[in-house]
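Keep the sequence and the coordinates open alongside.

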Amino acid sequence: MNTDGDSNDPSDPKQSFGITRRAKDYMDQQVREGHPFYLQLSYYAPHSKPQALASTLQKYEGDSRVVDPKGGRIGSPIMAAMTEDLDTCIGEVVSKAKELEITDRTYFIYMSDNGGSTQVLKGGKGLVDEGGLRVPLIVKGPGILAGTHCSTPVVNYDILAKVLDFAAPGFPLPEGVEGGSWKSVLLHAGTGAVDRPIDRFVFHHDVEVEHPQTAIRKGDFKLLYYWDTKQSFLYDLSTDLSERHDLAAERPNIANSLLVELKSHVRNGLGEQKFAALESGQIRGNERSNNSSGNPGQKKSKRKPSQT
């Protein structure tokens with residue numbers, strides 16, 4: 001069961017340094033025994049409650065607020081320190097690979113499991129707005145040109161197909177896997193497309209939110225659907241990344257087509273009983289999450305169709 005990772009050891013805040021030490025020991029053993037390996041590190045930082053090394057925190061305690069000059073986000077000294085500790089730990093893992101002389105055959109994938117509130121994107125953690133879905137993604141490895149940027153959409157469950165494609169090119173994916181490999185995109189400076197068995201992304205969330213909700217993205221169009229209010233919101237992410245202009249009334253054919261696909265996908269994924277409960281309104285949002293402030297990026301916020 002996932003927890004917050006709080007630590008009582010002042011030398012190991014959020015257990016970040018302990019996780020890193022065990023990771024480096026594992027790398028040592030695999031290389032010593034001549035084994036290829038896959039290593040996944042799911043750090044607790046920067047999850048609340050924040051913890052950091054005292055020495056790191058001291059660097060930021062002089063200011064009452066810590067501002068990111070690029071994004072303008074305002075945080076706190078303890079959050080800044082926890083983030084630096086995480087960065088230090090990731091750096092140690094990369095340095096260990098260099099020490100073991102395996103960087104010429106090792107790929108590093110850095111990403112988050114969910115988005116967060118920003119000044120640009122709508123929504124945040126727990127919501128299927130772009131603020132809740134978009135996450136940092138950085139990949140480093142042989143054949144990948146440094147400093148390149150790619151706007152081709154990928155999703156976490158693509159990782160299986162990508163790793164398999166690098167480790168055993170041509171090996172067939174197990175039946176039912178929806179992800180696709182983005183190996184060719186990585187090796188061609190971020191250009192190209194990802195071939196998937198299903199040409200859409202579907203995200204569903206029906207707990208701890210005001211509205212049980214599902215989003216489907218196909219190409220540049222994204223439809224967000226609230227199961228309790230039966231509201232649909234359609235966005236063209238190529239021109240409206242902030243999801244401010246609802247096109248559902250202007251493009252009803254696209255909205256209706258995507259809604260049919262969305263419901264079919266959810267029915268197949270959740271089963272008839274859960275789908276029927278969603279359709280009938282038996283599954284309702286968390287009433288305790290209602291918040292009159294309506295701040296974007298809050299799971300508690302109440303959403304209304306955008307006006308332009």
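## Overall layout

A contact here means heavy atoms within 4.5 Å. Take the contacts in the chain between residues at least 6 apart in sequence: 55% of them join residues at least 24 apart. The model is predicted.

The chain holds 8 helices and 6 strands. From the N terminus on, their order is α-α-α-β-α-β-α-α-β-β-β-β-α-α. The chain has 308 residues, and 39% of them count as buried.

## Helices H1 and H3

Two packed helices are described by the angle between their axes and the distance between the axes. Helix H1 covers residues 16-32, and helix H3 covers residues 77-99. They pack at an angle of about 10 degrees, and their axes lie 10 Å apart. Angles under 35 degrees count as roughly parallel, so H1 is roughly parallel to H3.

Which residues make the contact? From H1 come Ser16, Phe17, Thr20, Lys24, Met27 and Asp28. H3 supplies Asp85, Thr88, Cys89, Glu92, Val93, Lys96 and Ala97. By class, the contact of H1 with H3 has 5 nonpolar, 3 polar and 5 charged residues.

## Cysteines

How many disulfides does a search of the whole structure find? The count is 0. For reference, a disulfide is a covalent bond between the sulfur atoms of two cysteines.

Buried means under 20% relative accessible area, and exposed means over 50%. Cys89 has a relative accessible area of 0%, so this residue is buried. Cys89 also belongs to the H3 side of the contact with H1. Cys150 is at 30% relative accessibility and therefore counts as partly exposed.

## Helix H8

Helix H8 spans residues 272-280, and Phe275, Ala277 and Leu278 are buried in it. Why do the buried residues of H8 line one face of the helix? Seen down the axis of H8, they fall within an arc of 160 degrees, so they share one face. An α-helix has 3.6 residues a turn, so residues three or four places apart point the same way.

What does the buried side pack against? The partners are strand E3 (201-205) and helix H7 (252-270). The face turned away from that buried side carries the exposed residues Glu272 and Gln273. After H8 comes Gly281, with a positive phi near 85 degrees.

## Backbone exceptions

Most residues other than glycine have a negative phi, and most peptide bonds are trans. Some places in the chain depart from this pattern.

Start with the peptide bonds. A cis bond joins Ala45 and Pro46, with omega about 5 degrees. Pro46 sits in the loop between H1 and helix H2 (54-60). Another cis bond joins Ser48 and Lys49, again with omega about 5 degrees. Lys49 lies in the loop between H1 and H2.

Now phi. Lys14 has a positive phi near 55 degrees, in a residue other than glycine. Lys14 belongs to the segment before H1. Is Lys14 buried or exposed? Its relative accessibility is 1%, so Lys14 counts as buried.

Glu101 also has a positive phi, near 60 degrees. This residue is found in the loop between H3 and strand E1 (108-111). With a relative accessible area of 63%, Glu101 is exposed.

Definitions and conventions. Residues are numbered from 1 along each chain as its sequence is written. This is a predicted model: local features need pLDDT of at least 70, side-chain atom pairs count only at pLDDT 80 or more; totals for chains, interfaces and linings use all residues. Side-chain values use heavy atoms; hydrogens and water are left out. A disulfide is a pair of cysteine sulfur atoms within 2.5 Å. Buried means under 20% relative accessible area, exposed over 50%, partly exposed in between (1.4 Å probe, protein chains only). Axes are lines fitted to C-alpha atoms, for helices over the stretch in contact, and angles run from 0 to 180 degrees between N-to-C directions. Helices (H or I, at least four residues) and strands (E, at least two) are DSSP runs, numbered from the N terminus. Angles under 35 degrees count as roughly parallel, over 145 as roughly antiparallel, 65 to 115 as roughly perpendicular and the rest as oblique. Ala, Val, Leu, Ile, Met, Phe, Trp, Tyr, Cys and Pro count as nonpolar, Asp, Glu, Lys and Arg as charged, and the others, Gly among them, as polar. The arc is that of the directions from the helix axis to the C-beta atoms.
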